[in-house]
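Here are my notes after a pass through the model. Have it open beside you as you read.

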Amino acid sequence: MFDISVNLTNKQFFNDKKNVISRAINNGIKGMLIVGCNIKDSYNAYKITQEYKNYCWSTVGIHPHYAGLWDYKTIEHINKLIQYNNVVAIGECGLDFYRNFSSIKQQLFAFHYQLELSSYYSIPIYLHCRNAFQIFIKILKSWIHKIPKAVIHCFSGNQYELKQCLDMNLYIGISELFFNKKYRNDFINNIRLIPQNKLLVETDSPFLLFKTTNSLIYKQFNGRNEPSLLPNLLKKISVLRKENFFQLKEKTEYNARIFLNLKKNNCN
């Protein structure tokens with residue numbers, strides 16, 4: 001198993017990163033992608049990868065929540081971080097019209113610029129979309145032939161949106177969000193429509209551990225998600241898709257390594 005979304009720079013992990021990673025290893029997680037949401041996060045994510053080489057990789061990017069912080073130094077920092085071996089994707093970037101912590105204009109600027117960087121450096125891009133699908137997909141369509149690979153993470157859209165993403169050959173990141181009725185926009189069985197070679201799995205920890213999903217686990221982990229819980233998600237996915245858990249475990253890990261261009265000599 002490979003967790004493609006871990007916010008290990010989040011303050012909830014400040015005191016026990018080592019324990020979190022140790023539990024992940026003991027629970028069969030073979031690697032994880034630490035997500036950068038702003039420049040500070042991206043540097044801190046990279047630093048963690050240096051402590052856990054060949055197990056942790058990271059992204060560099062500006063989440064739409066932080067698009068308003070973009071300044072003339074942002075490109076300089078992104079260009080610097082992209083040169084590091086363990087930085088393997090641009091993002092998390094995209095559009096979020098649900099919270100609008102940054103203006104729409106700022107979000108659009110940051111999104112376009114990061115798509116351009118993905119194209120220029122031929123590096124995968126890690127995408128976020130919430131309450132902005134029509135504009136998001138229109139922009140992405142104009143860039144998709146220029147960027148090497150893209151994943152839309154924490155997908156919870158409807159069948160029409162899923163088809164749009166698959167038609168553009170996107171990878172689909174599935175988290176517990178997909179199973180939460182509050183956020184899911186369509187039938188849960190849509191997960192069967194995702195080709196096996198486009199399926200990625202993620203905890204998005206420390207987020208997305210819902211009390212309604214498993215109250216015992218929620219209580220045990222004090223509401224904080226972490227990579228060691230990824231097997232619980234994969235089991236639900238395998239049941240819905242009617243696929244063998246162990247085969248799906250191997251396949252989704254393989255997909256993650258292909259998406260992130262992780263060479264065999266960099267794999268556990």
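**Notes on core and helix packing**

1. Start with Ile174: skipping neighbours within four places in sequence, Ile174 is in contact with Phe155, Phe179, Ile191, Ile194, Leu199, Leu200, Val201, Glu202, Leu233 and Ile237 (contact means heavy atoms within 4.5 Å). Keep in mind that this is a predicted model, where local features need pLDDT of at least 70, side-chain atom pairs count only at pLDDT 80 or more, and totals for chains, interfaces and linings use all residues. Residues are numbered from 1 along each chain as its sequence is written, and side-chain values use heavy atoms, with hydrogens and water left out.

2. Which residues touch the most other members of the largest nonpolar core? They are Ile78, Phe136, Leu140, Ile174 and Ile237, out of 68 residues. A nonpolar core here is a set of buried Ala, Val, Leu, Ile, Met, Phe, Trp, Tyr and Cys residues joined through side-chain atoms within 4.5 Å; buried is under 20% relative accessible area, exposed over 50%, partly exposed in between (1.4 Å probe, protein chains only). Helix H5 (residues 133-143) gives the largest share of this core, six residues. Helices (H or I, at least four residues) and strands (E, at least two) are DSSP runs, numbered from the N terminus.

3. Next, H4 and H5. Helix H4 (residues 104-121) packs on H5 at an angle of about 30°, the axes being 11 Å apart; axes are lines fitted to C-alpha atoms, for helices over the stretch in contact, and angles run from 0 to 180 degrees between N-to-C directions. So H4 is roughly parallel to H5 (angles under 35 degrees count as roughly parallel, over 145 as roughly antiparallel, 65 to 115 as roughly perpendicular and the rest as oblique). On the H5 side, the contact uses Ile135, Phe136, Ile139, Leu140 and Trp143.

4. H8 and H9 are another pair to check. The axes of helix H8 (residues 230-241) and helix H9 (residues 245-259) come within 9 Å, crossing at roughly 115°, which means H8 is roughly perpendicular to H9. Pro231, Leu234, Lys235, Ile237, Ser238 and Arg241 of H8 meet Phe245, Leu248, Lys249 and Thr252 of H9.

5. Finally, Cys56, which sits in strand S3 (residues 56-60). Is Cys56 buried or exposed? Cys56 counts as buried because its relative accessibility is 0%. Residues up to four places away in sequence aside, Cys56 touches Ile21, Met32, Ile34, Thr49 and Asn86.
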